[in-house]
Amino acid sequence: MQYLPEIPYPVGSKERKRALGRRHYQQNKEKLKERWRTYRLANPEKIKQKSRKHHNSVHGRAKSLFNAAQRRSLQRNYEFTIDLDWVVSRLEFGKCALTGIPFVFETRHNGHRNPYSPKKKKKDSSKGYTKDNCRVILWALNMGFADWGQDTYLEIARALIGHDL
């Protein structure tokens with residue numbers, strides 16, 4: 001068994017609870033993994049529901065956006081200076097940085113991806129994931145920019161405004 005030093009944090013503190021939890025996990029790693037595997041296989045719907053609920057929350061979606069950006073920055077060797085709190089603050093604001101339209105966190109909309117869900121977008125795709133170069137916008141807007149570029153997308157949107165549908 002691996003030696004784990006005494007916990008240096010005050011009794012009752014969050015740090016101590018976290019350290020005790022890590023120590024317990026290290027001491028019982030295989031047993032806990034097997035218990036989790038068994039539970040997951042026996043309760044797939046509960047796992048799916050819990051995962052969906054987490055992803056539809058501000059903090060869950062922020063972690064998802066943050067982790068995806070961090071993964072892409074490592075793969076493409078981009079600078080990465082945004083933090084989870086920065087992403088959370090943009091989602092708590094609750095509106096697209098470009099349009100002011102409120103975000104909808106549920107991922108499905110009439111059986112399709114929700115066009116109003118938040119998506120992190122770099123202003124300049126050749127630069128890294130920095131607070132100056134990133135913004136959180138609507139998924140539909142992000143897809144339009146990705147497919148045609150911001151200038152083409154805005155030209156079409158401006159032309160659409162001047163016509164009756």
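**View 1. The buried face of helix H5 and what covers it.** In this predicted model, helix H5 (84-93) buries Trp-86, Val-87, Val-88 and Leu-91. Here, buried stands for a relative accessible area under 20%, exposed for over 50%, and partly exposed for what falls in between (1.4 Å probe, protein chains only). The cover over these H5 residues includes helix H4, strand E3 (118-122) and strand E4 (134-138). Helices (H or I, at least four residues) and strands (E, at least two) are DSSP runs, numbered from the N terminus. Just after H5 comes Gly-94, with a positive phi of about 85°. Residue numbers start from 1 along each chain as its sequence is written, and side-chain values use heavy atoms, with hydrogens and water left out. Because the model is predicted, local features need pLDDT of at least 70 and side-chain atom pairs count only at pLDDT 80 or more, while totals for chains, interfaces and linings use all residues.

View 2. Look for Asn-77 in the loop that links helix H4 (58-76) to helix H5 (84-93). Asn-77 is not a glycine, yet its phi is positive, at about 55°. For comparison, most residues other than glycine have a negative phi. Asn-77 is exposed, with a relative accessibility of 72%.

**View 3. Cys-96 and its contacts.** Moving past H5, we find Cys-96 in the loop between H5 and strand E1 (108-109). Cys-96 is buried, and its relative accessible area is 2%. If neighbours within four places in sequence are set aside, Cys-96 touches Ile-101, Phe-103, Val-136, Ile-137, Leu-138 and Leu-141. A contact means heavy atoms within 4.5 Å. Ala-159 lies 63 residues from Cys-96 in sequence, and their C-alpha atoms are 21 Å apart.

**View 4. Lys-123 between two strands.** Lys-123 sits in the loop between E3 and E4. With 47% relative accessibility, Lys-123 is partly exposed. Apart from neighbours within four places in sequence, the contacts of Lys-123 are Asp-132, Asn-133, Cys-134 and Arg-135. Thr-38 is 85 residues away from Lys-123 along the chain, with 44 Å between the C-alpha atoms.

**View 5. Ala-140 in helix H6.** Ala-140 belongs to helix H6 (residues 139-148). Its relative accessible area is 29%, and Ala-140 is therefore partly exposed. Leaving out neighbours within four places in sequence, Ala-140 is in contact with Pro-115 and Tyr-153. From Ala-140 to Pro-102 there are 38 residues in sequence and 13 Å in space, C-alpha to C-alpha.

**View 6. Aromatic pairs.** A pair of aromatic rings is described by the distance of the centres and the angle of the planes. Rings of Phe, Tyr and Trp (its six-membered ring) pair if their centres lie within 6.5 Å; planes under 30 degrees apart are stacked, over 60 edge-to-face and the rest tilted. This rule gives 6 aromatic pairs. In one of them, Trp-36 and Tyr-39 are stacked, with 5.9 Å between the centres and 20° between the planes. These two residues are 3 apart in helix H2 (residues 29-42), so about one helical turn separates them. Trp-36 is partly exposed at 42% relative accessibility, and Tyr-39 is partly exposed with a relative accessible area of 34%. Trp-148 and Tyr-153 form another stacked pair, at 6.3 Å centre to centre and 10° between the planes. Here Trp-148 is exposed at 52% relative accessibility, whereas Tyr-153 is partly exposed at 23%.

View 7. The chain has 7 helices and 4 strands, in the order α-α-α-α-α-β-β-β-β-α-α from the N terminus. The radius of gyration of the chain is 21 Å, well over the 15 Å that the globule rule gives for 165 residues, so the chain is more spread out than a compact globule. That radius is taken over C-alpha atoms, and the rule is 2.2 Å times the number of residues to the power 0.38. The C-alpha trace spans about 70 × 35 × 30 Å along its principal axes. Of the 165 residues, 25% count as buried.
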